[in-house]
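Below are some notes for a colleague who is opening this entry for the first time. They go point by point and can be checked against the model.

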Amino acid sequence: MVGLTSAAGLVGFLTEQDQQLQAFALERLNDEVDSVWTEVSGSIGTIEALYEDENFSHRELAALVLSKVYYQLQEYDESMVFALGAGKLFDWKSQDAGEYEETIVAKCIDTYISLCALHNPPTPASATGRHGSADVDNAATASPTTPFSQAALPSKSLLARQDEKAWDSSAPGGGNAGVAGAHPHPLTLSNQTKKALQNVVKRIFENCYENGAYKQVVGIAVEARNMEVLRDAIIRSSKAETGKGKKAAAGGQTEDLMEYVLDICMNVVQERGLRNEILKLILDLLNEIPSPDYFAIARCVVYLNQQSMASDMLRSLVQKGDGKSLAIAYQLSFDLYENGTQEFLQKVMDELPEEDVEEIQQNGSAVRPSTPHPNQNEEATESDQLLSELNDSAGAPQTSTVVTSRTRPKDDTQSKAFKSIRSILRGTTSIELNMEFLYRQARTDRAILNKVRDSLEARNSIFHTSVTFANAFMNAGTTVDSFFRDNLEWLGKAVNWSKFTATAALGVIHRGNINNGQKLLEPYLPKENAQASAGSTYSQGGSLYALGLIYTNHGTNVLDYLRRQFKATQEEVVQHGGALGLGTAGMATGSEEIYEELKNVLYADSAINGEAVGLAMGLVMLGTGNLRALDDMIQYAHDTQHEKIVRGLALGVALIMYGRQEGADELISGLLEDADPALRYGGIMTIALAYAGSGSNKAVRKLLHVAVSDVSDDVRRVAVMSLGFVLFRKPGSVPRMVELLSESYNPHVRYGATMALGIACAGTGLDEAIDLLEPMMKDSVDFVRQGAYISMAMILVQQNDVMNPKVTALRKQLQKAIGDRHEDAMAKFGCALALGIIDAGGRNCTIGLQTQTGNLNMPAIVGMAVFLQYWYWFPLTHFLALSFTPTAIIGVDSDLEIPSFKFHSNTRPSQFDYPPEVEVKTEEAPEKVKTAILSTTVQAKRRKAAKDKQNRRESMDVDPTPETPKPDADADKMDTDDNVIDTSKVGEEGEKDSKKKVEKEKVGYELENMSRVLPAQIKYISFSSEGRYQPVKKPTGGVILLTDMKPDESKSLLELKAKKKTAAAAPAPGAGNASASAPRDTNMGGFEAALASAGLTGAAAGAGVLTAVDEDDDGEEAPVPDAFQVDEEETEEE
């Protein structure tokens, strides 16, 4: 049929009285509306009159024509309303459906989401489970000093912009009224239209179910806050999978859907109330499914603090008795330990069947506070996740501190299983396995460390400290401390706080050595009933700090010891180290006793220990939101005159609000309005930690505003750095966000931009971040270069030339800068840290602020936040070790033994291989350049030689027999020096060899158990279906439980090398000093060799040096580098 050239005639028919003519005109216009809509738009009123005429028989056709005309006019709201009025004539499923149908369907979904959200408004922060005791709440409310620490939080986030309107459920559009392009106002829709909208959306959902597109329905349901649709989608997915029978993979589709729901719940949903509702729904559904996904349940349990459900799951799996169930129980325990706090795990263990009293005493009860803190009840315990508070349980079992099911196991098998589960939940097993891996696979390049040591003058404390940090980071967790043993002369130059830092470095190197940690540090630790002058107070304080680092987030046994030492001493330096040790070992325990002891020392108002005590108070109360602690700390921060104490308390307050999100908004508002820049600094850190990993837009908006408006450089710097904490789950967005800030005139803002990139993009090798940092490594300001070096190392950690070609250039640049005597001291300090970070943990660790399962890594985030305070206090640099995450696959069987087996990596071996070690040049003398000799010179030499021979022959009595030279084929060629190597040939040979290697390298190779597997490599890992050992879950890195398919056969186990390495008894300070206290005046070579041959560890060998009391004449430092001598230049100008 020929298309219409004009619609004037058809439009005229619309005014006729005959309905058949009107219907004919509408049918033709509907077919040709795309080409004649401009003419039809003038008669919209006429067509609307037909639609509204209830006696007109073709009302739906009129509505469809109106919808298409309005669509062409880009009035999509009206177009959708009339499309809904067209009923079945609006066929969005037809084969001819095009852009018009897609647009209307999208508009329908948007309006449906608006309607559902209108009936389910966001839950205010005050209703999300703040269950503090009445006494504490009243005390906080009535506090005259901290008016912003109220118990009743506002319903609207204070991080939002001031001109932003709160959600008003009574407003048209639920707050979206007047927004260009927004969906139509839900309250303006007629009931008939709403009913038609519901029918269309239901048809859309049914179509998704038929096609198996369950994820689309889930996404709409979550955005619409419609729990009924979400429940229906998951149940129908499970039923559809069950209906397929045995052919379908067990748990495949439903398991993927659950993973998808959990992923968007934790990474997309920013409201804590909605997140809790979704997780509760998932828990209910998982328990109803015949074969539940225990690992998905475990993630929900940790987020919601349902310790009763966790213990019930573990108990039921153990009681099943079969090997696979036991393996799943162990795997669940490992996952719970990885994602839970000490307090949560202790409650899970309390509800397991009883164990022997001796076992309980052996492992200590120091982790669990004897009395709960005042702001704690059954449901208020904090986890390390964004969901730190639990709403009133609806459908989920209530948690309780009263254990009703603690019965003894029925048999020895179950008793052994529960004992193993307790060992896992305490962290003992995981820590030992990770330490074994780091020790076995340590690839530390000592040549780099020696280069750093030789390049920096040890008498200067900043340089000595930087070498200490580089050594600690390179060997973190490996227990390899031989650098101290081999460099006693260098170690002996440590004085005062350098000695404190060097001793604490042993804690980083031996982190996780829970069996020998206290014994290892025995020579350094303060002696009970000993004189104050028995040893250096700096090494004693550093040893307590080291003890806390060894037992980080695993304070069993050592907390009581640390508390005794902390209370017994009056030395400020020892109290400083003791406070840091208590904070790291007692992290997130919520212990009121430890908090009170720290507070008593705080009130002594000492600047030396006050900063560490304030920080430790925050670490102990990490994430609890304890109102009384907040009141105490902020009150004292206003009272004290010491800036160091205020800074420590400000950071402590931020740690207490870890993961609280909206619950921290009122505190943030009060801190940011304070006149003291140190407290405003704490307010920014509170945003960073409360919203860590949330990607919250309002938090980002607030940080950007402060970054360009605050009058304090410190506050502006930390505001830019905090962007990295909020957005580390979306690393790709950070380079674009800080691009302009990296070009700021203010060097503090530029430094903040470098660290934001390092935090958010750590371990990713992101090219956009590297492109921004490369010019900043040549910045004119020394501390900006320092930040750029450190951030580049964070981003390129565990990268090789195949993964990122810029790694080699960076390593060379760092080594060149650290050896450049014209480089500033601060930049050299950054270079030393960078060289340690890029090879962290013997090149087997990455910086991971997320766990392998995608949850927030609480110790890593806290460690990174405290590490950034090295700007003010160097010893806090050691906290970065808390962010180091071993990258390995460690397979264990149901007996928790390490079998010897192999798994497959479907990549080339070079793709994820270790970077090559640095080649050490034997001679530093410059190589001779190839010298060209002209042919005329050669002829002149020959003539001269002939004359000399003739003269000698005439002068001698007896002439020698002449020798005729043999003809040389190359005589006519230009001569060159014989001792010069032809580098061109060497290069050609090297290229040929490399080509051969590339040709020989095949895709796919086998890896032994307990091998390094990078996070980017995990997707290429597979287990042979015919292999003896099969994993109980999809490999995610870390510890994986294996099911033995041939349990009757004998198994081959890996030998545990780290356990065999027992700590040698270090010499006591008094006894060992005879030979070790004079390293500066004697030749150390023979002494070091003797120590090495005796098998003493670095900790044991260095005890005599570090515990020696500093003498006055030995405490002189090297002159400060020229870069700091500004006064002379100023006087000359004057």
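1. The model is a predicted one.

2. Overall make-up. The chain holds 51 helices and eleven strands. Of its 1134 residues, 56% are buried. Taking contacts between residues at least 6 apart in sequence, 77% link residues at least 24 apart.

3. Glutamine 270. Beyond its neighbours within four places in sequence, glutamine 270 contacts Arg275, Gln661, Glu662, Ser694, Gly695, Ser696 and Asn697.

4. Glutamine 786. This residue belongs to helix H40 (residues 782-795). Its relative accessibility is 0%, and the cut-off for buried is under 20%, so glutamine 786 is buried. Leaving out residues up to four places away in sequence, glutamine 786 touches Tyr751, Met826, Ala827, Phe829, Gly830 and Tyr870.

5. Helix H4. The 14 residues of H4 (residues 59-72) span 20 Å from the first C-alpha to the last, close to the expected 20 Å at 1.5 Å a residue. Eleven of the 14 are buried, which means that H4 is largely enclosed by the rest of the structure. Among the buried residues are Leu61, Leu64, Val65 and Tyr71, and also Lys68. Which elements do the buried residues of H4 pack against? They are helix H2 (19-40), helix H3 (44-52), helix H5 (76-85) and helix H6 (99-119). Just after H4, glutamine 74 has a positive phi of about 65 degrees.

6. Strands E7, E4 and E9 form an open sheet in the order E7-E4-E9, with antiparallel pairing. Strand E7 (1005-1008) and strand E9 (1021-1022) are at the edges; each has a single partner strand, so one side of each has no neighbour in the sheet. Strands of a sheet pair through backbone hydrogen bonds, in either a parallel or an antiparallel way. Between E4 (residues 902-905) and E7 there are four bridges, and the two run antiparallel. Lysine 902 is opposite glutamate 1008 of E7.

7. Cavities. The count is four cavities of 30 Å³ or more. The largest cavity contains about 840 Å³ of space. It is lined by 40 residues, of which Tyr337, Asn434, Arg511, Thr885 and Pro886 are the closest to its centre. Elements that each supply at least two residues of this lining include helix H15 (323-339), helix H19 (428-440), strand E2 (884-886) and strand E11 (1038-1044).

8. Cysteines. How many disulfides are counted? The count is zero. Cysteine 761 is buried, with a relative accessible area of 0%. Cysteine 208 also counts as buried, at 11% relative accessibility.

Technical notes: Residues numbered from 1 in each chain as written. Predicted model: local features only at pLDDT ≥ 70, side-chain atom pairs only at ≥ 80, totals over all residues. Heavy atoms only, no water. Pairing = 2+ DSSP bridges. Contact = heavy atoms within 4.5 Å. Disulfide = S-S within 2.5 Å. Buried < 20%, exposed > 50% of the residue type's maximum accessible area, 1.4 Å probe, protein only. Expected span 1.5 Å × (residues − 1). 1 Å grid on protein atoms, 1.4 Å probe; cavity = no way out; pocket = protein on both sides within 12 Å on 5 of 7 lines; lining within 4 Å. Points joined across faces, edges and corners; volume = space filled by probe spheres on them.
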